[in-house]
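Biologist: I have a structure on the screen and would like to learn how to read it. Could you take me through it feature by feature?

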Amino acid sequence: MTREEFALFLKDLRNVQDRGGDVDAYVKQFENRNVYFYNDGCIKKILASEKNIALTTDLINAALNLVGSDRIENPKLVNPYVPGELGHRSIEPDLLLTNERGDKIPRDRISIEIQHENHKSLYSDRLVFCVARLTNNMVPKGAVPQLENLHVISFQFFDAFKDSPNYRHTVQLRNQEQIVYFERQTVTLVEVGKFLRQADKFASDNCRIALWLRAIDALNREDDFSRYEGDPMFRILQNEVKMSNFTPRYMLNSWMKDYDDAVLRYEGAQDKAREMAAAMLAEGEPVDKIAKYTGLSESEILEIKATLDQK
């Protein structure tokens, strides 16, 4: 499902619960559909699972562009998903992992965050604050600071660098000569929205994170996935996003948050699309053309036409 479709599904699921209806029966209707991967609760269950640690590791290395001996090899989940439990938000990031590199090398601390809304540029403040909190939590009170390698990965649907031709950004402390001051702290911003909007521009980009973004998008849109099925990691991902893996109890918990904005935006867009369809019908435009420009299905357009004909 897309974000908007999944938001509407969650809204209806809560309505069924509020009316005292059978939530299990309602969810079963969608058991062969895919959940929206970038939802907080969905990504938590999929990637913060011990059984999927190889999947999570592959995504981390793809996002950080780590190869060879620099790769994250054996991460441990700090805030794992516990089957059968709803969990609680005791840790700021959606996912937090550590990775040991031996006695003489600082271990890695990896944070993964999903952000859909910028909310008047407040997200930059939130991200910097999160980095500070994660850094502070490395050192016990009163101890001499001996910091670990911190990798903060943010998948976001707004552009952090609007004028940049890139969709993946590595942010570090640097001086005016662009020399890195502190190598053990990196913020990686993956502009998912930019990558998807400019799909043609990035069509020749076959780096690992680009493949991940395309595979996730195909699953979210429930599009043809055959080109990814030969990849063992993406086969796991395809199975894990199935709605049948998610119980109604889990989907009604607090992790499934922030869907109201998506619902309102989707419903608002639908209203505008219907208004445009009505105007185009009044001008005598064909149904297939209206479907192309509004995104509405032909059946929806015919319903609008029937309503207009009755007036």
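Biologist: Then confidence comes before the rest. What is the mean pLDDT of the chain?

Modeller: Where pLDDT is low, the predicted coordinates should not be read in detail. In this chain the mean pLDDT is 88, and 90% of the residues reach 70 or more.

Biologist: Where in the chain is confidence lowest, and where is it highest?

Modeller: Confidence is lowest in helix α10, residues 260–282, with a mean of 75. It is highest in helix α7, residues 208–220, at 98.

Biologist: Now the rings. How many aromatic pairs are there?

Modeller: The count comes to 14 aromatic pairs. To read one, take the distance between ring centres and the angle between planes. For Y36 and Y38 the centres are 6.0 Å apart and the planes stand at 65°, so this pair is edge-to-face, the class for angles over 60 degrees. Y36 and Y38 are both buried.

Biologist: Which parts of the chain does the pair of W212 and F234 link?

Modeller: W212 belongs to helix α7 and F234 to helix α8, residues 232–240, so the pair links distant parts of the chain, 22 residues apart. Its geometry is edge-to-face, at 5.4 Å centre to centre with 80° between the planes.

Biologist: Are W212 and F234 buried or exposed?

Modeller: The cut-off for buried is under 20% relative accessible area. W212 has 0% relative accessibility and therefore counts as buried. F234 is buried too, with a relative accessible area of 2%.

Biologist: Which residues form an aromatic cluster?

Modeller: F6, F9, Y26 and F30 form one. A ring can also sit under a charge. Here the charged end of K45 sits over the ring of F246, 4.9 Å from the ring centre.

Biologist: On to the backbone. Which residues other than glycine have a positive phi?

Modeller: Among them are N65, with a phi of about 55°, and Q178, with a phi near 65°. N65 is in the loop between α4 (53–64) and β1 (75–77). Q178 is in the loop between β5 (168–171) and β6.

Biologist: Are N65 and Q178 buried or exposed?

Modeller: N65 is exposed, with a relative accessible area of 55%. Q178 counts as exposed at 54% relative accessibility.

Biologist: How do I read a single residue? Take D58: which residues does D58 touch?

Modeller: Set its element, its accessibility and its contacts side by side. D58 lies in helix α4 and is buried, with a relative accessible area of 16%. Not counting residues up to four places away in sequence, D58 touches R208, W212 and M233. W212 is the residue that pairs with F234.

Biologist: And I114: where does I114 lie, and with which residues is I114 in contact?

Modeller: I114 lies in strand β3, residues 108–115, and is buried at 5% relative accessible area. Leaving aside neighbours within four places in sequence, the contacts of I114 are Y38, D40, I43, D94 and F155.

Biologist: Last, Q17. What separates the C-alpha atoms of Q17 and A143?

Modeller: Those two C-alpha atoms are separated by 50 Å, and the residues are 126 apart along the chain. Q17 is in helix α1, residues 3–18, and is partly exposed, with a relative accessible area of 39%. Beyond four places in sequence, Q17 touches V23 and L252.

Methods. Residues numbered from 1 in each chain as written. Predicted model: local features only at pLDDT ≥ 70, side-chain atom pairs only at ≥ 80, totals over all residues. Heavy atoms only, no water. pLDDT = per-residue confidence, 0-100. Helix = DSSP H or I, 4+ residues; strand = E, 2+ residues; numbered from the N terminus. Phe/Tyr/Trp six-rings, centres within 6.5 Å; stacked < 30°, edge-to-face > 60°. Buried < 20%, exposed > 50% of the residue type's maximum accessible area, 1.4 Å probe, protein only. Lys NZ or Arg CZ within 6 Å of the ring centre and 35° of its normal. Contact = heavy atoms within 4.5 Å.
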